[in-house]
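The following briefing concerns a multi-chain model.

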Amino acid sequence: MSVRAWFKERIPVSLEALKAAGNEPVPGHLRVWWFALGGTAAMLFFGQIATGLFLCVYYQPTPERAWESVRYITGQVPFGWWIRSLHKWGANLMIVAVSLHLMRVFFTGAYRKPREANWIVGVTLLLITLVLGFTGYSIVYEQLSYWGATVAAKITEAVPLIGPGLARTLRGGEQIGAPTLSRFFILHAAILPSVLLLLFAVHVVLIRAHGVTEFPLRDEPKPPSYPFIPEHVLKELGTGLVLITVVNCLSVLLPVGIGPPADPINTPEHIKPEWYFYFTFRWLKLSSLQAGIAGVSVAIGLLYVWPFIDSAIRRKRPSSELSMLFGAAAIIVFVFFTVWEGLS
Amino acid sequence: MMSAPANLSDAGQVSPTRRRLIQAAAWLSFGPAALTLAWDLLQYLVPRRRRPSFRKIFVARSAELPGEDVYEMVDLNGRPLAIIQRPGGSPVAFSLSCTHLGCRVHWQPKPRTFLCPCHMGIFDERGRVVSGPPPSALPQYQVSVENENVFVHLPEV
Amino acid sequence: MTLEVKRAVVAALGFLFLGSLVAVTIIDAIKHRETTGPRPPVIPADSKGCVDCHSRVTPLQFAQWSASKHGEQGIACLNCHGAKPEDADGFMHHEARISALVTPKDCGGCHQREAEGFSKSAHGQAKPGLEIHLVGGRPDPKTWPLPRVGLRNPDGSAGSCTTCHGRHRFELADARQPTVCETCHLEDGSAEAWRRSPHGGFFLTSASLETAKGPSCTVCHMASRTGAPTHDVSARVTWIIGPDGKPKQRPDAEARRDSMYSTCLLCHGSPLVEAAFERIDETFEAGIPSHPPPANASYLRSPAAWPHLSPWDRAELGKMQGR
């Protein structure tokens, strides 16, 4: 009996049938690169899981060992510098991809009815990604990690009513220390990725259920669909290869280093969060903490409920492009604050 | 991106050799890439067996090494070793821990052997087992002689 | 883009990916290239003659120098041991004029700041009448090699850097060990008092110098996190025994006290530091206790011990004095 037949008897799944079932025509309007941003973010996330697991082999989440274990990975372990750089650059690119994807969805109006629920899931995915970035950076436990987390907890304290309790939960106590590191680690390595995967599954199910938004640009005829296998598979493969090659090059040209270890006694002169938090950091420095927090909460709230605001606007004025203007303004404000903080 | 209608697989429109060439190219890149990736990741996971580094320690001037007897000392971990001046040859150094169960062996000047008192294992002046239960020869340390100075290379702590 | 072109592009991307992986692998190999043992020293031409002979005759000193920073940088025998024609302590040795006495002035040729600080301190002062005599350019065995701190050198300087820094390794970690200070300062009680105090206790239970949990001698008396370390070990010491055997404050007491005060603030809060200095000053102003200290604490006789005393020892002292 041939090998193939031996397997077929025990795993009675027909590859041909699978191929046929999976070979759904992909709508032609998906050909453009800016429809691939969500998939890019997903690919990067799976990359993060893989590199993160490898990092877990050597990382130790206690204040005494954390920094040292990261230094060990970066300096001693064969290819440790590479895995860590892949993880760091993967994180940066993932945040960029998620943000670009959000912008694409926003500017193509793909959050509108009946896709409001999926938009809400997506915004949540963005916030989880940002918290993953924050926790990931904090557990390196270098000076900027420790003091960045201290500042973040201080800001949390200023939230009305629940602030102090929330900060204490975040820190696992009154100060950043071993309990903080434990909970940040489990959040970063297990809880948040699981929640993200779950929401991602919901996200994909909703997309499959609704179909990807079509929007007729001018009077073009609808572009023809193309087969999933092999064409779309090739596309995904190509994108994946580009991504990993880019991250590889970044890791080689700009490998990640490590700063001085966390010193609870000495505050460094300049505490800065990661670049993707520059805009909130700068915003919070403009006036009182309470006002700053209120502003951030309003912004997040707006983001969540925008589909409904947009539909209210368009009920009044059907051809209004206020959303586009608003979106453009939001991007400009974001870039402005980010650059301002980056340069100061 | 929308030149030819590409929702047909271009089966009949490309020469089979060109297709095979492209497929071969794909395998030629993916195969080695996958192997390199697997190799790199394996090296990441498997801790390197670090070759112990050695420290060169000054023992004595060549002329000071005893002829009949051995020069005893300890290594950096406190384990005993002995240096024998071989007549007409260069000095050699042996660990004095018996390879059977670790007792300290004694040099016997007359038969020029090492004797282990615990179970009567005997090693010759080259460390090889002559008789008794020891399973293997006495481990050696590298000895170098420079300008009539004798150095022994001891494994770092 | 036709399907075939797509396949070709993916194949090409595969090669790009392979290329980046190869780059990663090469970079890693470069990073982890194992160094094969200590680097050979750099031997300048003028010291080659010295090395040829002394690697045989004084192999340990040579080995130490080879492995040191000096050896690495090619600062060799004649840089330190070379003597100029006008140097009183020079003599001819195999066609080279050398000196066996390497003094702070010689070290100060490169280590100027340290030599200056040292010469201002008690370590760099010569006791009257104590000096190294020369016989035919070489040191008179009756006056050398004694512990050189406090001895006048023929070139006018006093003391020696090698008393603390050893020779010829010159590892900073060696000089920072408290045992180095204890070779002389055990008698005056300061070392023992320090060992019995929390400062010494925490230091001595630390895993290493770098992760030390308490200060050793050099930390309080020399180091500075504000970028002004000093080799003037006396700069921060306010009290001294006068010729009458009684403790008295040195000139510029306030500046000295300020200097030590800011050093204490590196770890302690000002209320504690102020209170501690008040107690120290009080004790000194009261003079050396006339009652003999308990037999197991004979070091309590010496005023040098008192600033280093732990609170428990201080309590003992208080009990002794009937307070």
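**Structural briefing**

Chain C contains 16 helices and 6 strands, where helices (H or I, at least four residues) and strands (E, at least two) are DSSP runs numbered from the N terminus. This is a predicted model, in which local features need pLDDT of at least 70 and side-chain atom pairs count only at pLDDT 80 or more, whereas totals for chains, interfaces and linings use all residues. Residues are numbered from 1 along each chain as its sequence is written, chains are lettered from A and ligands numbered from 1 in the order in which they are written, and side-chain values use heavy atoms, with hydrogens and water left out.

**Chain C**
- Of its 323 residues, 36% count as buried (under 20% relative accessible area; exposed is over 50% and partly exposed in between, with a 1.4 Å probe and protein chains only).
- The accessible surface of chain C is about 18800 Å², and 59% of that belongs to carbon and sulfur atoms (Shrake-Rupley method, 1.4 Å probe; for residues, only the protein chains shown count as cover).

**Nonpolar cores**
- The largest nonpolar core has 38 residues, and Tyr59(A), Trp82(A), Ile83(A), Tyr141(A) and Tyr44(B) have the most contacts inside it; such a core is a set of buried Ala, Val, Leu, Ile, Met, Phe, Trp, Tyr and Cys residues joined through side-chain atoms within 4.5 Å.
- Elements that each supply at least two residues of this core include helix H5 (80–107) of chain A, helix H1 (16–45) of chain B and helix H1 (3–31) of chain C.
- H1(C) provides the largest share of this core, 7 residues.
- Not counting residues up to four places away in sequence, Trp82(A) touches Asn248(A) and Ser251(A), Leu37(B), Asp40(B) and Leu41(B), and Leu21(C) and Val24(C) (contact means heavy atoms within 4.5 Å).
- Another core, of 25 residues, lies apart from it, with Ala41(A), Met94(A), Ile95(A) and Trp306(A) among them.

**Nonpolar surface patch**
- A patch of about 890 Å² is formed by Met1(A), Val3(A), Trp6(A), Phe7(A), Ile11(A), Val13(A), Leu15(A) and Leu18(A); patches are made of residues with over 30% relative accessible area and no salt bridge, like charges being joined within 9 Å and nonpolar side chains (Val, Leu, Ile, Met, Phe, Trp, Tyr) within 5 Å.
- H1(A) gives the most to the nonpolar patch, with 3 residues.
- Val3(A) is found in helix H1 of chain A and counts as exposed at 60% relative accessibility.

**Strand E4 of chain B**
- Val92(B) and Phe94(B) on one side of strand E4 (residues 92–95), and Ala93(B) and Ser95(B) on the other, are all buried.
- Strand E3 (residues 80–84) of chain B pairs with E4(B) in the antiparallel sense over 4 bridges (strands pair if DSSP finds at least two bridges between them), and Ile84(B) stands opposite Val92(B).
- E4(B) is also joined by 2 bridges to strand E9 (residues 140–146) of chain B, running antiparallel, with Ala93(B) opposite Tyr141(B).

**Salt bridges**
- The structure holds 23 salt bridges over all chains (a side-chain nitrogen of Lys or Arg within 4 Å of a carboxyl oxygen of Asp or Glu).
- Arg171(A) and Glu157(A) form one at 3.0 Å, N to O, linking helix H8 and helix H7 of chain A, 14 residues apart.
- Arg171(A) counts as buried at 7% relative accessibility, and Glu157(A) as partly exposed at 27%.
- Arg195(C) and Glu182(C) meet in a salt bridge at 2.8 Å, N to O; Arg195(C) lies in helix H11 and Glu182(C) in helix H10 of chain C, so the pair ties together parts 13 residues apart in sequence.
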